Amino acid sequence: MSEHEYQRHVEKEHAIIDGIDVSGIWNRMWVPRETTDFDFTNLDKVRDLKGAESIGWCYQCAQCIGVCPVDNVGSYGPRKLYSKLQNGMDLFTHSDLWMCTTCNNCLRVCPKGVDMMKIMPAVREQAILEGNVPVELQEMLQNVAEYGNPMGESARKRVRWMKKLDEPIRDLSKEPGDVDVLWYVSDYFSYHPRGIDAAQAMARVFNRLGIDFGVLGREEKCDGDSQRLCGESGLFEELVEHNHAMFEKNPHERLVVSDPHAYNAFKNHYPELTGNEYPVQHYTQFLAEHIDQLKQMFTERFERKVTFHDPCYLGRHNGEYEAPRTLIEAIPGIEFMEMYRCKQQGYCCGGGGGGMWLDGLTGEHTSERLSENRVREAIMVGAEVLVVCCPYEVSRFEDAVKSTDNEGALEVMDIIEIIDMCINNKE
Amino acid sequence: MSGKVMVIGGGPAGLEAARGVIELGYECILVEQRDSLGGSPISASYAALTPDMEDTEVAMARMIDSVVGNELADIRLGNSVTAVEGSAPEFKVTLQSDSGSEIVDICSVVVATGFKHFDPGRETQKYGYYEYDDVLTLVDAEKMLKSGSFVRPSTGEAPKTVCFVQCVGSRDRQIGNQWCSKVCCGVATKEAIEIKHLLPDCKVIVFYIDMRMYGFWEDLLYWKAQEEYRVNFIRGLVSEVTKRGDTIVVKGEDTTMGRPMEVPMDMVILSVGMEPSDGTLAMAELFELPLECHGYIETKGGPLNTVQTPIDGVFVAGTAAGPADLEDSISMGGAAALKACAFIRRITVTN
C-alpha cells in the first residue's frame, strides 16, 4: 500500500553501518509526522505549467477519490495529490506522477474541473525533460520512437499476422490508393499473440461482410495517444505527422480502428495538430451499423455467461457505451450480465496513460493491479467470459486471471473473436 | 400621534431603514450614538466591502448621502436612547447627548444597533491575542489594509507567511457562542486577496473547519482567491498559537492529510465572529424586547418574517437580530422600514 512518506517508517532490510551488519526489524525509524512548514513552491511549479493549472483548483471535496480506480488498490487521486503538493511533495520526481491511468473518472465527478488528463501530460513532459522517467516506461518510449511500436518490433513484422492467414487483405503499403474502409490495426493487434487472434478474426469478419478494406501494413505506426499522455508530446507530433500522411496517401471513406486509444487520438487530438477531421469509428461502432447483416450470418451459438469491460477511452472519454453491447447482445445463446462498475462508472484496467508499461512501478505502490481487481469483479457477478474491445485488455486481463489463481474460471475474449466464432466461416 | 418612525443605529441596516422610511414619505428620526454615520464598516475601518470589494468609504458615502439633507430625515448624531415610555403608536423616547436630553414622540421603531466583534482574549487565551504582537483580528487587519501598508506589528516588516484562523468566537459551545457568524469566511478570503494584492509573494493560508461561502461568494471570493491569487486553504483549525523562541507557531492538524502541524507564521489573523452589541442589549431592555436563545433580539414569524419583534410597532434590522452579511442587513433594513411605515398607515387609515 502506498502511504504518505512521512507516515512511513524507514526500515533497512540490509543495513551495514561502520562495517557492522545491523539489518533487522529493530533498526526501524519513523520519519517525524509533524508538518513544520507549508512550502508551496512545488505546488506552484505544477500550477505554472501550461495545462496543469487546474491542479490548483481542488477544494478537497474528495469526490474523485470515491471513483479513482487506483485508490481502490492504494492511496491515490487528485485530492490527495493536491494535499501532498500543499505539503511540499515534488511531483516531478515522485512516483505519484506515474500512477494515474488517465481513466477520466475523476474529471467526470469533479465540480471544479481539475483535469488530470491535462495535468499529467504537462507535468510528465517536464519530468522527462529533467530525466525523471521510470525505466520501464523510458524503454517503451524509446521503442516507439525507434520502431514505431511499444514492443520494439520491426515494421516488417507488423504484417506477419496477415501472412499466417488465408484471407485476402489489401496491404496499402504495397497497393496504395482508394479504399472504402481504412482499418487501423494498432500495435497490440499486430504484434501481441492474443491481439493477433483478434486481428485475424477481424479480417475474416470484414471479408464475410464484403467490406472493401485495406491496412497500412508496415507503414502503420503507433497512434501515440498513450505516449502523449506519458508526456511525450514531441513523439506524439512525429507520429501524428506520419500517420496523417499515410491516411492522406490512401483516400478512404472511413477510418475504422481496433483500439479505443487510437480512436481517441484520431477523433480528439490529431485534429488539434493537423486541422483535419478524421472519419474515425471504433470497430464496434462500425460493426453495430452492420448488425442486421451480422445477425443473418450467425450460425453458431455462444452459450456462455459473459460480462463486458468498458474501455475508458471508448466509454468515459468518448461516450460510446452502446455499440459493444449491441454486438454482444446480438450473439446467439449468450447470457450477458453487467458488472457493478459499468458504463460511465466503469473500472479501469490500469493500462491507460502509460499504465500498460508501468506494472513494475505501480506494483510497488498498490496492493494489486487494477486488472486483478476487475477480474475478481467479473467472477463475482458470475461471468465465465470477460468480453473486451480494447487491444490492451486481453493481455492485461489474461495475466490477471493467472495471477489471481482464476485460470479456468474466467476466459478473456475480444468481441470480434466471439463474432468470428459464431458466423459461418465456411463460405 | 406623531406619525414618526425612529431608526436607532446609523449603520448599513439603519441607513437603509431610514432611506426606506423617507422614500415612503414618512418622517424619520435617525439616532446614532457615534458622531458619524456608517456603522461598523466605517467605525472599524473596513478597507473594502465583502464581496464586491468596493471601497468602503465610497460605498457607505452613497448610503449616507441618500439620507443626509433630506427634509424628512432628522439625524441625531452623538445621541443615545436612554429611556422609553409608553407603547406604540405613542412611544416617548428619551435621547441623551452631550448637550442634554430630549423626549421625542414616535409611532414605530426600527432597532438597527448591530453587533460587536468577538474579543479573542475574552474567554480563552489559546491564540495569544493579547500576548503576541503579530496575532491580529480581522478588524486589525482591515485597518492595516486600509492604510495600504501590511506589516508585522513586531518588526514593521512585510510578512512572508500569514495565516487566517477561522471561527474564532463562533461555533463554540465552551465560549457560549453556538452560532456561525456568516461573514468571516468571506471577509477573511477578501482580506487574503487584499494581502496578495499588496504582497504577491507572501504565503497566505486560511485554516478552516468548512468554508461557508454563501451564494455568489463561492466563486466571486473563494474560487477567485484560490485559483487566481493562490491563497491556500487548509482544512483543520489551529488549536493554539504558541512560540518557539522568537517565532510564532500555529498548532493543529491538516485534516486532509491526517497530519499534525506545527508551522511558523509571521502573522496570524483571527477571524473573529459577531456578538450582540452593547447597544443592541440596551435597546432590548428599554423596549422590553425578548432575546432569542443566542442573545440577539428575537423576531417572530421565523424565517418568513425577519424583522418583526414580539413587541407591537418595534422592528429589528441587521445584526441586532443575529449574524448577517451586508446583503441581508440591507434587505432587512428595507423590510423593517416598510413594516414600520405600514404600522403607522394602518392606524392613520383606521382613524
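Domain bounds here come from an automatic or database domain assignment. The legends below all refer to a predicted model.

View 1. Domain 1 of chain B is made of two stretches, 4-114 and 277-350, while domain 2 covers 117-273. Going by C-alpha atoms, the centres of these two domains of chain B sit 32 Å apart. Where they touch, domain 1 of chain B puts in twelve residues and domain 2 of chain B puts in 19.

**View 2. Chain B as a whole.** Count up the secondary structure of chain B and you get eight helices and 18 strands. How does the radius of gyration of chain B stand against the globule rule? The chain B value is 22 Å, close to the 20 Å that the rule gives for 351 residues, so chain B is as compact as a globular protein of that length. If you want a box for it, the C-alpha atoms of chain B fill one of roughly 70 × 40 × 40 Å along the principal axes.

**View 3. Helices α1 and α8 of chain B, crossing.** Here α1 (residues 12-23) of chain B meets α8 (residues 326-350) of chain B, with axes that come within 7 Å and cross at roughly 35°. The crossing of α1(B) and α8(B) is right-handed. On the α1(B) side, the residues involved are Pro12(B), Ala13(B), Gly14(B), Glu16(B), Ala17(B), Gly20(B) and Val21(B). Their partners in α8(B) include Ser329(B), Gly333(B), Gly334(B), Ala337(B) and Cys341(B). Sorted by class, the contact of α1(B) with α8(B) comes out as twelve nonpolar, five polar and one charged.

**View 4. Helices α4 and α5 of chain B, another pair.** Helix α4 (residues 138-147) of chain B packs against helix α5 (residues 184-198) of chain B at an angle of about 35°, and their axes are 11 Å apart. What is the handedness of the α4(B) and α5(B) crossing, left-handed or right-handed? For α4(B) and α5(B) it's left-handed. From α4(B), the contact uses Leu138(B), Ala141(B) and Leu145(B). From α5(B) come Cys184(B), Val187(B), Ala188(B), Glu191(B) and Glu194(B). That gives the contact of α4(B) with α5(B) six nonpolar residues, no polar ones and two charged ones.

**View 5. Backbone details worth a zoom in chain B.** Thr50(B) and Pro51(B) are joined by a cis peptide bond, with omega at about 5°. You'll find Pro51(B) in the loop between α2 (39-43) and α3 (56-65) of chain B. Ala88(B) and Pro89(B) are also linked by a cis peptide bond, where omega is about 5°. Pro89(B) belongs to the loop between β4 (80-85) and β5 (91-97) of chain B. Then there's Cys167(B), a residue other than glycine with a positive phi, near 60°. Cys167(B) is part of strand β10 (residues 161-168) of chain B.

**View 6. Domains 3 and 4 of chain A, side by side.** Contact between them involves 30 residues of domain 3 of chain A and 31 residues of domain 4 of chain A. Which helix gives the most to the domain 3 side of this contact in chain A? That's α10(A), with ten residues. By class, the domain 3 side facing domain 4 of chain A has 14 nonpolar, ten polar and six charged residues.

View 7. Chain A carries 20 helices and 13 strands. Its radius of gyration is 23 Å, close to the 22 Å from the globule rule for 427 residues, so chain A is as compact as a globular protein of that length. The average pLDDT of chain A is 94, and 93% of the residues score at least 70. Over residues 1-7 of chain A, though, pLDDT stays under 50, and the model has 17 contacts beyond four places in sequence for that stretch.

**View 8. Where chain A meets chain B.** Chain A brings 17 residues to this contact and chain B brings 16. The chain A side divides into five nonpolar, eight polar and four charged.

Key: Residues are numbered from 1 along each chain as its sequence is written. Chains are lettered from A and ligands numbered from 1 in the order in which they are written. This is a predicted model: local features need pLDDT of at least 70, side-chain atom pairs count only at pLDDT 80 or more; totals for chains, interfaces and linings use all residues. Axes are lines fitted to C-alpha atoms, for helices over the stretch in contact, and angles run from 0 to 180 degrees between N-to-C directions. Helices (H or I, at least four residues) and strands (E, at least two) are DSSP runs, numbered from the N terminus. A crossing is left-handed if the near helix is turned anticlockwise from the far one by less than a right angle, and right-handed if clockwise. Two residues are in contact if their C-beta atoms, placed from the backbone, lie within 7 Å. Ala, Val, Leu, Ile, Met, Phe, Trp, Tyr, Cys and Pro count as nonpolar, Asp, Glu, Lys and Arg as charged, and the others, Gly among them, as polar. pLDDT is the predictor's confidence in each residue, from 0 to 100. The radius of gyration is taken over C-alpha atoms; the globule rule is 2.2 Å times the number of residues to the power 0.38.
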